[in-house]
Structure formats: C-alpha cells, structure tokens
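Have a look at the model first.

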Amino acid sequence: MDQAKISLDLILANIAAEAEKAQDTATKASEVLLGPLETAMATTPYDVVYEEDRVKLKHYRTPGDVTLKTPLLVTYALINRETMLDLQPDRSVVQTFLNGGIDLYMIDWGYPTRQDRFVTIDDHINGYMDNIVDYIIEKTGAPQINLMGICMGGTFCVIYAALHPEKIKNLITTVTPTNFDTDKGLLHIWMRAIDTDKIIDTFGNLPGDVMNLGFLMLNPARLMIDKYVGFFESMGSKSFVENFVRMEKWIFDSPDVPGETFRQFANDFYKKNLLIQNKLEIGGRRVDLKKITMPLLNYYGIYDHLVPPEACNMLTKCVGSSDTEDVSLDTGHIGIYVSSKCQREFAPKIIRWLRERDGEQRPVAVATETSGEQPSPVPRLKRPSHPAAEKKPARTTRPRPEVPRPTRKEQTIKPSLTQVIQETI
Amino acid sequence: MEDNKSGKNNMDAMMQEWMKASTGFWTSMLKADPASAPDFVPPDQEGKKNRYVESMEATLKRMQSASSALNDPQMADAILKGLNTLPEFFMKISKAGWEASARIQGKVAEKAGKIGQKTDAYQFENLDQGIFKAWREIYEEEFSQYFKIPQLGLTRYYQERLNHLLDQANVLRPTLSEFLYLIYLPMEKSVKVFQDKIEELSKAGNAPDKAKDYYNLWIKILEGHYMNLFKSPEYLAAMEELIKQMEVYVGAKNEVLQDLLQSLPIPTNKDMDNIYKDLYLMKKRIKVLEKKLAQKDKSQAA
C-alpha cells in the first residue's frame, strides 16, 4: 500500500492556526451580531401615485433635475420583489437612474392572496400595466414612455410592447425569458416535467415558499451549504453581515404567484413556447413580436442558471425593430443588478442608451390585430392610437443610430459559482 | 373428535344459560323501575298504555325469541360458525402484514449485500430504488384495498373521504422517503469520490494542507453530483411523483377539513373561491364599464 505523502506536523500546525483564526472570527462576529445592524432595504424615497387592487405605482423623488424627457416605467417579475433594484444605497439601480436624470416609475405588484387566484396574465398586462401606462402618459404629458422589464416582468413588457407599441418609445429587457425551448436551465427542464394544472387546482396560488424551495433545490450545494459557510467565515465583518442579511431578506420575501397567471405562464410559455413563435394569445389578441418596432436593448447574464442566455438572446432577432442590441454580462441572474462590477456597467449604460434615443419621435406600428377565433372574455377598449402612428407606415425603417455596439465578449475563464455568489453578496 | 363435540355442546349450553340469565335480569330490572310500573300513566295520556313499558316489553320479547332460536342447535351452530370466521379475517390481514414485512426484509438484505460495491462518480443511472417500489407494490396489493371498501349508510361520504385521506397519507410517506433518499444520494456519493480524490492527491504528494481547500474540493464534487442527479430521468420521475402525491394528499386533506368546517360557522376554501370568482368577474366588468364611461365623457366634453 502506498504511503500518503502528507506531513502530519504541517496538518497539525494548520489546524492550530485555523482554530485561532476561527476564535478571532467568533469574537468579532459576536460583537457584530449583537450590535446594531443597518439592514433596511429600498430606502430611496418615493410616492405611491396610483393604486389598483393590490398593485401600486411608485414614483421616485429625483434628487436633481429630470434631464430625460421620457419617463421610465420599470416592471418587475411577479416572483420576489422589486426592492432588489434598491437593495442598498451604494448598490441601487434606482439611485443610479435618478442621478442620471430619469423620471422613474416602478410597479409594485404587492402580495397576491387567495382572492387573486383568478387574475390572469391578460389582467396584468392589458389591465394593470395598461392603466398604469395611461396614468403616466396623462400625468406627464409625454406621448410615450420608456419601458423596462425584469425577468418575468420583462416578458410582460415584451407582450405589452407588441400589443400597445404606440405607447412605448424604447424597450429594455433584462434577464427576460422569451424562448423557453431550451434544456440549459434546470428550471426549464423541471417546469416541463411538473403538472402545473394540478398544483394550481390544489393550492389556488403558487405559494412563495414552495417556489423558493424550488429555487434552492436548483443548486443545494451552493445555496444551502456553501452560502452559509461563507457567511460563517466572514461574519466578523459588519458590512458583509449587513449586505448578507439584506440579500436574505430579499430572497425570502416571496409573494405567492396568482394561480391562473402561473398556469398560463407554465403552459403557454414553458411547455408550448408560444411567445417566440408569435402564437401566443393574450386577452384574445395574438402577440406578434414583429409589432415591436421601437428600439430594444436586451440584457442577460452569461452565468444565469434561472434564465440562461439561450432563453434571452433570440428576442432581438424576432422583433420588428432594426435598432436592437444584445448585452451579455459575465454574471448570474441577480448579479446584473446588485454586483459591484455590474453596477458600473449596467445602469449607466441604460441611461446613455435612453439619452441617445430621448429626443426624436419615432414612427410606430399600431397593434390592432385580433385573432378572431377566441374573443376576449371582456370587451377591450379601443384606445386612440398615437397621432404619429396614423400618418406613417407601420414598419419602421429607421437607420441604426451611431451607437458603439459592444461586441459579445468571448469568455475564456469562467468564474466559479462561489465567486459569482460572493460578488453578488 | 369426541372432544370437539363435547366442546360444542358445552358452548351451546353456555349460550342458552347466558340468554336466560340476561332475559331474566332485564325482566326484573323492568319491574323495579317505577316509571315502568304498569299502572303509571302520564296524566295527559290517560286510557293509554305506558309507552316505556310497551317498548321494554317489545325488547324483552325479541330477546326471548332470540333465546329460543338459539336453543335450536342448527341456529346456534350457524352463529358460532360466523364467529369463527372473524379470526380468519384478522388472520388474513396479519398474514398480509407478515408477508409485506418479509418482502421488505428481503429487499433490505439485498441492498445490504450491495454495500461496499463501487460507486461511480457522477453516475445516477440504475439507481437502487427497488425498496420503495416494493413497498409501493405491497401497499397497493395488500393494504390499500382496505381503505377502498365501499362505505354504507348516512355517513358513507364522510367515511369515504376520511379513508381516502388515510390511504393517501400512506402513499405519500414512501414517495417522500424515496425523494429524500435521492436528495441524500449525492452526499453519499460525493464523500466516497472525495475520499478517492484525496487518496489520489496524497499519492501524488499534492494533498491540500488547508481545511478550506478540502472543503472547496468536496463542495465542488457535491455540486457536480447534484447537477447530474437533477437532470437524471430518475430524479425527474421521483419529483413528478412526489408533487402528484402531495397534490392528491392536500386535496384529500382539504376535503376532510371542509367536512369538519361545515359544522362550524367558518367558510371553506370552496365557499371563498366561489365568492372570489364572482368578485373577480364583477370587478373586471366594472373596470370596463368605467373606462367606457370615461371615454364617453371625454368625447362629449370634446
């Protein structure tokens, strides 16, 4: 039998050194954990300017002058909360936008209860979102608004922009799934395997805790073990603990997803992949991505395990707009918004992109097509289209502006998941 | 043979004695009760026979006729035979239990025999889930049917729903165990692979000297195992089955709870869902009407 070539002295010396270090960390940790901690989230001041059922519209107070003419509406996903964009003062997408002179509005979807179980995707998009957009247009006097969506909220924005292109000046999608026919993310594989109808019939809504358990199960080694090992190692640092606790608060602040919305999202999107094929119907109207003729900026993370790049990067090829841009960042699903590296790249780039497109008026396509086969259960209001839309052709041929397009970086060294998580935290 | 015959005769005699004694006991008790005195008639029912006495007399008559019927040796024999089948019934149940236990033990022994066999790193094909499958089969063949015996009478629906809940709880338990077993498997495998890796590194003289490095090595192996497991058809099937059984269990539990809540002044989920649906549709209609009205007002103002 071969003799193991490890020096026992060296091992013992290391154990002694590590025990000493652990003792030191424990002493500091007790001081940190027993002392006052600043773990408040979403502290940027705002006013609730519109409310409908459980849904609220936040309007952030700008610290300086608003320098962009077109207001920006941010639509978060129904999963987790929009507070992630304003997690802490030094890592806040919201504050970067405000400092960049954007008039910022954000939808707070609230906490759905059992009485929201029948609320559909149509109610969210053609109901709440459309009412909010109308409110902003009326309040600000702007003919159109800029729309930015995050994850599932991005999917809602894509649908909204296709159904109401006359109201949207620029569209920004971030970590937004539009192509669901991929086996790259475990979530896609699992969503296809489970019987969603039965879950909704049993639970009414999809419970937030069940969803969170599912997310943890996507990578239990890192999310249930390694993350907390990292916490124990660094809990002597006050700022680390504060950031970690903020993140924990956000992760487990998970509202339930309304049953009928989840049912349709699982069946029509994950299982049938209807959106990217232009076969999806919302409120009796077919969603034609070619109707998206406004400029489109599409962000995604290369190491996103929830919405992999394959789920995001087809959108720009399928829309009707000629002014499109894909930006991939070397990070994961949440890292885009909260990692210090992405803070320097993500929000400032959006401000620049919007500013470059803020002045000009753009011809728009008016979405009037209805499927005819499945009439909407409730008659929809026919809204007056934007005047520009009546005069100009539906399909824009606007030349691509002189914007330096970042080339997609070829990744040579893949950062480990631990690095990504640590960077995020 | 002779013993059997005498035993049977003794049994008959004992039965007759017991019937006589009990009939006699209830006759004297009836006489002792003042309310049953034949001359006691409630003031508003004069001229009628005491109802209590009438009822007791009828019962005693039935007992007496049963007693005389039992005196008939053929009848007593039939009853005793019926009683003899009861132990047979219980024997059948316990036999099923013993057989199930033996089969499970067999599977455990089979599994124990496999301990120490080589663990293939990152491989999750042909997982040994036989023990769970065996338990499920045994339960379905031998036990589940007892919960599906048709229920009779006024409370048949309540009993049926309760039985369904108990049956489903029994089905859910092994399904959950199987799922947890699968979840634990990467832990087991990663430790084995980790040991092999350390041995390999030690032989090459590259063994890490810091505990953190050992931990990093193990967590990486564990993560890899989980990633492979989660993509395996076995895991997907187990997850699907767990969700399915959980849904059926929650549904069964809700139905029983609903039965209980019906007796209390508390609305059930079903009641509330009906109201929520009406409310949802009404709100939707009102919103559409409001918009139409606002538009009309606008156009009129213009």
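In chain A, A:T196, A:D197 and A:I200 of α6(A) meet A:G259, A:F262, A:R263, A:A266 and A:N267 of α10(A), where contact means C-beta atoms, placed from the backbone, within 7 Å. Keep in mind that this is a predicted model, with local features needing pLDDT of at least 70, side-chain atom pairs counting only at pLDDT 80 or more, and totals for chains, interfaces and linings using all residues. Residues are numbered from 1 along each chain as its sequence is written, while chains are lettered from A and ligands numbered from 1 in the order written.

**Helix pair in chain A**
- Helices α6 (residues 196-203) and α10 (residues 259-271) of chain A pack at about 175°, axes 9 Å apart (helices are DSSP runs of H or I, at least four residues, numbered from the N terminus; axes are lines fitted to C-alpha atoms over the stretch in contact, and angles run from 0 to 180 degrees between N-to-C directions).
- So α6(A) and α10(A) are roughly antiparallel (over 145 degrees).

**Where the chains touch**
- Chain B puts in 32 residues and chain A 30.
- On chain B's side, α5, α6, α7 (233-262) and α8 (269-301) each give two or more residues.
- The biggest giver there is α8(B), with eleven.
- By class, chain B's side has 15 nonpolar, four polar and 13 charged residues.

Definitions and conventions
Contact = placed C-beta atoms within 7 Å. Nonpolar A, V, L, I, M, F, W, Y, C, P; charged D, E, K, R; others polar. Parallel < 35°, antiparallel > 145°, perpendicular 65-115°, else oblique.
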